[in-house]
Amino acid sequence: MKVLILSQHYPPEPITRLKDLARHLVARGHSVSGVTTYPSYPLGRVYEGYRLALRSRHREAGVWVTRVFALPYRGVEKGKRMLSYLSFAASSLVLGLLPRSLPGRRPDVVYAYHPPLTTGLAAAVYSLVARVPFVYDVQDLWPEAIVAAGFVREGSRLYKAICVAESFVYRRASIIIVISEGMRRNLLGKGVPARKIRVISNWGDPSIYSPSSEDGLRAQLGWQERFVVMVAGNMGLTHGLESVIEAADHLRDDPRMLFAFVGSGAAKPGLVSHIESLRLRNVTFIDQVPQEEAARLINAADAMLIHLKSQSGGEFSVPHRIFSYMLCGKPIIAAAAGGVADLVQSSGCGWVCPPSDPDALAQAIRMAASDPDACRKLGRNGLAVAHSEYSRTSLLSQIEEAIEACRAS
């Protein structure tokens, strides 16, 4: 089977789902190609070793990858962000997809990865022109997420246009994969037929993330006597991390507490400014590091924190990072509703509190810091679930089966 992966984000960017899926399909004997742009996520700068060009083609890990031009931007200016999305949609369609419209060059199935919605729009247009079915893998919900990020005002002309585009993409997709039951219910409420929708969770990479003793790293960082609560990964505008800073302010007089932010993202400059305005000394930032180093830092922490604003669609999302935390055997403090809260509670791997409530979050952190035995037990629970119900091998097989079913549709 010839599978084309269409995504604005692709390895070497830290997109675990795509990296693992491409390798899985190649190992299973499928012919895999990809259309993407030049890697710049999450910093918005093209990676070292790559040069922005109109089009290039290389073989990467057994996959012929066509990279096309798109404006590399991950900041807070909504015009530039939308231009980045639209430029990839246009380039991917004209330079990456349409040249494959001739018989013999067409893939059997397109697997399109969302966000952004504009990638799905390119896949839908190509599907219509070339009569190629596509699987649409939805990682967050539009327009909900971009309304919460402040890029679009609900009820505006642009909002209505996005809703029309969303409906068109869902109609054209043969199969829609979502990552949580909440997402499935959302799509059903928008009129998407149940027969199209499959719930296939994210997962972590056990070859990178696993428990390890990092006493030496803790000593190097000066963390020996601290209870380190860590946020690791992209710091997005819809995560509501301002509430984490407010919780740190509530705990500023407790000398044990330290909040560590690892990574980058559009929200980071605002968070740094907020900390400076509050003159907090119990918060530290570590720049984005390779995944292997991120795993070491996670293992050096005492508890991992995930915060998702419910009004941003966060109640539907279950991001990759939570499974990396679980694979390291770390307890999780989840200031979230919906999918993340359900996962933490059902697996018994941490504490749950309402999002956007600094008082409740500070209380949950105090509870975790006061009970190291509970931290160890909850971390073990998460590790066990990450290797069973959320096994990478099992979930990749489910995606492969969905792609095969799309071909047969």
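Which residues lie nearest the centre of the largest cavity? Select Gln-8, His-9, Ser-40, Leu-71 and Ser-84, and you have them. Before going further, note that this is a predicted model, where local features need pLDDT of at least 70, side-chain atom pairs count only at pLDDT 80 or more, and totals for chains, interfaces and linings use all residues. Residues are numbered from 1 along each chain as its sequence is written, and side-chain values use heavy atoms, with hydrogens and water left out.

**The cavity**

Stay where you are for a moment. The largest cavity has a volume of about 90 Å³, and 13 residues line it. Its lining splits into six nonpolar, five polar and two charged residues. A search of the whole structure turns up one cavity of 30 Å³ or more.

How these are found: on a 1 Å grid over the protein atoms alone, a cavity is a set of points where a 1.4 Å probe fits but cannot get out, a pocket is an open set with protein on both sides within 12 Å along at least five of seven lines, and lining residues have an atom within 4 Å of a point. Points are joined across faces, edges and corners, and the volume is the space filled by probe spheres set on them. For the classes, Ala, Val, Leu, Ile, Met, Phe, Trp, Tyr, Cys and Pro are nonpolar, Asp, Glu, Lys and Arg charged, and the others, Gly among them, polar.

**The second largest pocket**

Next, pick Ala-301, Asp-302, Lys-330, Cys-375 and Arg-376, the closest to the centre of this pocket among its 22 lining residues. About 450 Å³ of space lies here. Helix H14 (residues 372–386) gives the most to the lining, six residues. Helices (H or I, at least four residues) and strands (E, at least two) are DSSP runs, numbered from the N terminus. By class, the lining has nine nonpolar, five polar and eight charged residues.

**H1 against H15**

Now show helix H1 (residues 16–27) and helix H15 (residues 392–408), which pack at an angle of about 70° with axes 10 Å apart. Axes are lines fitted to C-alpha atoms, for helices over the stretch in contact, and angles run from 0 to 180 degrees between N-to-C directions. On the H1 side, look for Arg-17, Asp-20, Leu-21, His-24 and Leu-25; among their partners in H15 are Leu-396 and Glu-400 (contact: heavy atoms within 4.5 Å).

Zoom in on Pro-12, in the loop between strand E1 (2–6) and H1. The peptide bond from Pro-11 to Pro-12 is cis, with omega near 15°. Another cis bond joins His-114 and Pro-115, with omega about 25°; Pro-115 sits in the loop between strand E5 (109–114) and helix H3 (117–130). Finish at Ala-61, in the loop between strand E3 (55–60) and strand E4 (63–68), where phi is positive, about 55°, although the residue is not a glycine.
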